[in-house]
Every structure is written in structure tokens, then in C-alpha cells.
Amino acid sequence: MVLCTPHAKVPVVRTCTLQAGPLKGFMPTNPTHLQRQRWPKLQLPVRCLTLSNSMGTPAAKSKPAANGEAAKAEFCRAGIPDEITAKVLGWYQPYQRWDIDTKLRPALELWVKQLGSQQLSARLQKAPLLLCHTPEECSDVYLWLASIGADAERIQQKVPRVMARPLDKVQSTVWALQEALRLRDDQLPAFLKRHPYSLLNMPEHVSQTLHAIAELLAVPVTSVEMQKFVMRCDERLFTKNPATLSQLVSFFCKEFGGGQRAARAALRYNIYQVSAETMKARAAELRALLGWTEDELNQGVTRHPMILTLRPSTVASNMQKLQAHSFSSIQAMNVFALCPVTTGYDWSSTANKEKLMYLRHVLQLSQAKLTSRPQLLCASLARIIGPRSEFLYACKGISPDIALTTYSYLVNLSDAKFAARFNNLSASPPLVYDDQFKRHWQQRWTFLICEMGLSYADICACRLLLQTSLLNTLAPRWHFFILLETAQADFKAADHLTALATLSDADFAQAFSSASMGLV
């Protein structure tokens, strides 16, 4: 609790609890962006009375928790699960020596009041030292990040340890990133969203990492090409020692060839997380497992370095799971050879099972087509295959199964390029491929499978169901059918799917008026 004078202007930070649904969260907005030159330190209101950084040190102290049992009891009292408590106390043992009444209990109560027990438990797993700081100290960083336009809420959820760093150190790191890459102020929010872990490092670390990458790619560190490349890299780019990162990427290029192209792929897909000895051992096992020649191995590894981040036993298990979907061992090896990234896919997962069913039963693609066009197996059903195939089907300008097999590059196009290529196809009414179209497809698909319980064959027999408005037509008519099924034993809702999808409201009411006479 913080007490301020009546005249102090206290900035209000609204928080959001993530919930399931189309909204994934939001970034707190600051209505009055600070006017700044080179981002001076954010001036927060003077606190007249606040908790000290050490949670207070009164004269009378209670008995410390010498054996840790009292500390465990306090964590339990705060609603922290025993499993998480054991991990936190193991990671940071000084908690067991904290004074219970004046330090540990106030710290836990303060954070529970701020976050709640469930969210605090999640935060402690990622940031065991969180109790060493007050929420006010973390808020300094949060407010400053929000003031420069960064998604402070996402950064706090993704890397909560950032909020426990001193504000001046976070600012120095951001300034070093901007200086090294010549980033404009309006480019920083996107960069920090892509690389939140960079905020955990000192300025020297991020600067040396960027210069090491520029040297590997043979491009100036301040070039636009360098900016674009770093923005495409994985968020863990700044978690490795710069010298080690350079050595491992250089070893990868020397061992498997490929030059700068291989270096780019290695940097983008975290090959620097694997030691040189492990790379060699896994490459040898993969070659034996997949029956690749040395050239095939080098091509597969340099195109998709992420396969060396997988254990060979995982690849073997994934191959067996793919064969369980009617792929022969030769077909599975062919899929892995043409598209090595599929070696990392768990083919027993619900998402991949659903994707295979959709390709086979809705798009009616043969086993030969799936084997010869494994790029289809890499794409997401919810984000790419489903919405795009349905868009093409609705436009009636091109058959989706032909488009996705003969022109398999469609699955690799960005949404913007796909829209530019196919939005001009004739359709009545005109269709636009955008985020709204994709979201509506995903909602209809979920309703058809989960709520209506339709099989893939049912959906294939009545493809118009995937183009029917969920809120205006599909949901209310289906619920009406369920009422009819309940009232009349001889009525089957699944027998009237075409009528559900195609009839106008007037025709639908007329067609089922007699059947609904018994409903109140």
C-alpha cells in the first residue's frame, strides 16, 4: 500500500487478466506520452509513505525459519502450491532465512494482493527473486516501457524478471539496442515485442551479440538488412554468450557447408543452443535413421537447422507416429527428406490428426499427393489451410485441392500476398481474405466439429456449411433442430444440413413450420 499527498498525480495503470477467446490481451495505453529527449528517466510521483525495499526492518524480530519449514508454511498460507514452493525455495534458499513476520509474510501478502495467488505462482516459477522487490519497483519499469509504446503487459507476462531489474539498467539496454541497430523510436516497440529477453542483458552483451551476428552475415550492423534479419530471429537470440554464439554458428557452417545462407538459417533457428559435439552426434544418427546420403544430410540440415535441436529418439518416434496414419516407412522418409521440418512434428497430437483428416476427407487429397507435396503437412489448418482452401472454394475461381497441390507455394505465401493474388477473383457477394475471414472460418469450423459433432465426410458433402454465418444462421438453426429432435423421435438434425446452409429465412420457416407445431 502506498500513501501519497492529496495533490500528487498518480498515474493509473490498468491491468488485464488473459482469458480464453478471440481477445488475447491488450497493451496498457498511456494517454499522455512523455515528451522526451533521449528518453530521460520516468519521473514518478513522490511517495510520502511506502514500504522500504527490504520490506521493513523493525526492532522486534520474530524467530527466523532456520529449517525452511516455517517458510514453506508461509508460501502455503499465501496459496502457492507445494510443488512450486519447493522449486522456488530450492532456487533461492535465502527465502528460508528471511524473518517471517517482518519480511517474508509482508512480501507474500503484498504480491498476493497485487496479482492473486494463481498468477503469483506462475510468476515465481519464471522469476524466483520476485519477492525481493516491491510491486512499486517493478511498476517503474512497466510504466516506462508503456510510455515508449512497448507492450509492457506482454513483456511482463513473457519475461517477468525484466520488471525486477533497475529502471536505469533497462533503459541502458534499450538505448544500446537502438544505437547499435540505428532503430527509430517507432521501431522499438516491435523490436522489444520480438526480443523481450534482450532486456535481461547488459548493454555490452546486446551490442556484442549484434556485432557478432553482423560479422557472421558480412553485413553492416547498422544496415536495414541487419534490422530485418534480427526481427525474424527467435526471441532467444540474446540469451547466449556472444562469443559462444559466433563459435557454434561458425562450426555449423564449416561442418555442413552452405556459407552465409546456412549461417542465416542457424541464427534464425537457434542452432547456437546445441553444442558442437551434440551437432555431430545427432547428424550421424539422423543420417542412419533416415537413410540420407551425406549430401542429403547437409542439404536438409542447412535448410532446416532446427532438426539438430531434436533428439534422434524424438525423430524416430515422430516417424512411427506418421506411419500410424497410413504412411509407409518409405513415404514417411520421403516426407522428411522433402520437408525436414516435419521431423519435429508430433503426429499424434490433436492438431496434426485434424489436419490430416481435413486434407484427406474435406479436400480429398490422395496419399500420393500428400507424400509428394509435404509442404501441406507443415501448414497450420486453423491459420492457413482451412481459411485459404475455403476462400478459394467460395470464390469459385479455382479448385482448392488443385491450388494447394499443383501450386503448393500458396501455403507458403504471407496473408498479404495471398490476398493480393486472390482477392480479385469473381465472387458474389465479393469476398476479402483478411483476419476477419480467418477468424470466422475458425469459429464455424469449431462449431461444426465440437458443437454439431459432424464428421469430415458430412462437412465435405455440404461445404456450404463453412460459408454460413455462425451467429445469424448456423447456430440458431442448429439449436432449433436440436429442439425438434428432442420433441420428435423421427426427426434427425443431421438429415437436414443442406437446408440449414442454403435456405433463406422465409423458406426455412416454411419448410419446418409443420415440424415445429409441437414446440412451445
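This is a predicted model: local features need pLDDT of at least 70, side-chain atom pairs count only at pLDDT 80 or more; totals for chains, interfaces and linings use all residues.

**Entry: the whole chain.** I looked up the secondary structure and found 27 helices and zero strands in the protein chain. Next I checked burial: 43% of the 520 residues count as buried. Then I turned to contacts with a separation of 6 or more, and 71% of them in the protein chain are between residues 24 or more positions apart.

**Entry: a charged patch.** Which residues form the negative surface patch? I wrote down Glu255, Glu294, Asp295 and Glu296. Helix H14, which covers residues 294-303, gives the patch its largest share, three residues. Glu296 comes out as partly exposed because its relative accessible area is 39%, which falls between the 20% limit for buried and the 50% limit for exposed.

**Entry: the buried part of H14.** I then looked for buried residues in H14 and found Leu297, Asn298, Gly300, Val301 and Thr302. What do they pack against? My list has three helices on it: H11 (242-256), H12 (259-268) and H13 (276-290).

**Entry: Ala214.** I moved on to helix H9 (residues 203-217), where Ala214 is found. Is Ala214 buried or exposed? Its relative accessibility is 6%, so Ala214 counts as buried. Leaving aside residues up to four places away in sequence, I see Ala214 touching Val219, Pro220, Val221 and Met226. I also took a distance to Phe229, which is 15 residues from Ala214 in sequence: C-alpha to C-alpha, the two are 9.9 Å apart.

**Entry: two positive phi angles.** A reminder before this one: most residues other than glycine have a negative phi. Ala218 is not a glycine, yet its phi is positive, about 60 degrees. I placed Ala218 in the loop between H9 and helix H10 (224-232). Asn270, another residue other than glycine, also has a positive phi, near 60 degrees, and I found Asn270 in the loop between H12 and H13.

Which of these is buried and which is exposed? Ala218 has 55% relative accessibility, so Ala218 counts as exposed. Asn270 has a relative accessible area of 8%, so Asn270 is buried.

Methods. Residues are numbered from 1 along each chain as its sequence is written. Side-chain values use heavy atoms; hydrogens and water are left out. Patches are made of residues with over 30% relative accessible area and no salt bridge: like charges are joined within 9 Å, nonpolar side chains (Val, Leu, Ile, Met, Phe, Trp, Tyr) within 5 Å. Accessible areas come from the Shrake-Rupley method with a 1.4 Å probe; for residues, only the protein chains shown count as cover. A salt bridge is a side-chain nitrogen of Lys or Arg within 4 Å of a carboxyl oxygen of Asp or Glu. Lys and Arg count as positive and Asp and Glu as negative; His and the chain ends are not counted. The place of a charge is taken as NZ of Lys, CZ of Arg, CG of Asp or CD of Glu. Helices (H or I, at least four residues) and strands (E, at least two) are DSSP runs, numbered from the N terminus. Buried means under 20% relative accessible area, exposed over 50%, partly exposed in between (1.4 Å probe, protein chains only). Contact means heavy atoms within 4.5 Å.
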